[in-house]
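Student: Could we go through this structure term by term, setting each value against its definition?

Tutor: Gladly; here it is.

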Amino acid sequence: MTHTRKHQFTLGRVVLYLLLILFALYYIIPLYVTLSTSFKSLDEIRSGNLLALPQVWQFESWGKAWSSACTGVTCNGLQPFFWNSLEMVVPAVLISTFIGAFNGYVFAHWRFRGSEMLFAALLVGCFIPFQVVLLPMARLLGEFGLANTTTGLVFVHVVYGTAFTTLFFRNYYTSVPEELIKAARIDGAGFFLIFRKIVLPISGPIFVVCIIWQFTQIWNDFLFGIVFASGDSQPITVGLNNLVNTSTGVKEYNVNMAAAVIAALPTLLVYLVAGRYFVRGLTAGAVKG
Amino acid sequence: MSIRKQFDRWIPQLVLGPTLIASLVFVYGFIFLTGYLSLTESRMMPNFEFSGLTQYHTLFDNERWWTSLTNLGIFGVLFIGLSITIGLFLAILLDQKIRGEGFLRAIYLYPMALSFIVTGTAWKWMLNPSLGLEKVMHDWGWTSFTFDWLVNSDMSIYTVVIAGVWQSSGFVMALFLAGLRGIDDEIIKAAQVDGASLPTIYWRIVIPAMRPVFFSVILILSHIAIKSFDLVIALTSGGPGNSSDVPAIFMYQFSFTRGQLGLGSASAMMMLATIVAVLVPLMYLETRSAKAMR
């Protein structure tokens, strides 16, 4: 939206920019405090000001958070949890995206009688609070020997992530002209050929959006992690929570803050590199979700 | 018709098959199972003997459950209200042809990329009663300043509001900004020609035109609020005592640490009922207003 009046250095503009900067500070300060605390020594944390930069930069807290801080009974830092999360997130994202692409393609261009209704029924999966499926799922994973395994977590994330990925792809593919698909069908091209030759080549952006969305969701998940995993299969969010709540004597705030940054780093990096797509995913998921 | 042709005709259904079956079993089937479990006497082990609404009676006699519900109410209303106020305000500010808009937007929105556990950990440190913001104020000479909400059982739920709004308001801003950009310039120009002031234009024309955005924002935020679990765990662990308990924590503790499967299931079903009670009227209103627009 634009308006015609020319903007000069009026008082209103100054106030406007001041407000915007104040809000920017509000959002940035917690990140700044977390980072600066992680580089301070414990003495400096106790004597100094929360908002001050470290006077002496120390890096031991980062090493400790990564490889030797205690997270309950074990003291190997966040490192094992980090790898668990990575091992979980890569297959879970790829599988759920792949399935979502095919589902979305069907719902957009291979409609059959009742497919709209099935789509609506599938979307219910986006709305339920997961608490309502936790107990049966825990039992099921136990029966199949998948309880407390990364495979089990991948399975759960794929099952409950597919509704979202299907929604993404379906909404994107409905913007592909129907005539294009129809013409190819008349020429005798089948389901998979049309997908590969016509649909897939224009799917780049939606794949990026969907992968980023799923990566962020699954990396940041805590509920499934704490319910379905234990010990050596727990994801990083659970690891961070354990680390912060394990107190052996002195509370090491600098280690806690370094650990928080480590846990946040992958999704923050994705946001920095592909923020545009991240926003698109959020709004796309939001418009219908 | 050849077998090959027959097969081709069914490909779409075959492709959807696994997802639909998974949804039928793991969403609908599991909701049914949880619902059934909530009508039994199950404790440590599931017990399939029907016992009517006993668990719901127990649930609604449980003081902790009421604390959880009250907290959800406080958190939900404030979280949604403040996120919308801040988000809309920021979106309108950013819509005034701002230099460096992309940069500012990136700053406002980055918390959304974080997990609630990280947000909770960071804010727990900021709000630390002896070393956090309270100490900053003391260092700056305001020695009577106290901010002990994190350990004050009357105020602990409000710390969850603070952190939750911090995390989600930027996202709300992005949604409103997208809505603002979708509004036809001509309408605004016409109103300006008629002599309407900028605040009036926003209040009377722009905001009403964003009705659908309001619906989806409220939808998403109430969904986040009702499910909220990790943020509370990381920030207060439901404490002090159980003063900042929410239904999701109640469900988790009764189901997985206290071995009260029946009661846990009943609380899960109540969470589902709450979501349905919020979403269904919202969606109904939204489709009705969408029809009225046409």
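Tutor: Helices are DSSP runs of H or I with at least four residues and strands are runs of E with at least two, numbered from the N terminus; on that basis chain A comes to 13 helices and 0 strands. The model is predicted, so local features need pLDDT of at least 70 and side-chain atom pairs count only at pLDDT 80 or more, while totals for chains, interfaces and linings use all residues. Residues are numbered from 1 along each chain as its sequence is written, and chains are lettered from A and ligands numbered from 1 in the order in which they are written.

Student: What makes chain A more spread out than a compact globule?

Tutor: The radius of gyration, taken over C-alpha atoms, is set against the globule rule, 2.2 Å times the number of residues to the power 0.38. For the 289 residues of chain A the rule gives 19 Å, and the value is 24 Å, well over it, so the chain is more spread out than a compact globule.

Student: Why is helix 8 of chain B called roughly antiparallel to helix 11 of chain B?

Tutor: Angles run from 0 to 180 degrees between N-to-C directions, with axes fitted to C-alpha atoms over the stretch in contact. Under 35 degrees counts as roughly parallel, over 145 as roughly antiparallel, 65 to 115 as roughly perpendicular and the rest as oblique. Helix 8 (residues 156-181) and helix 11 (residues 211-227) of chain B pack at about 160°, with axes 10 Å apart, which makes them roughly antiparallel.
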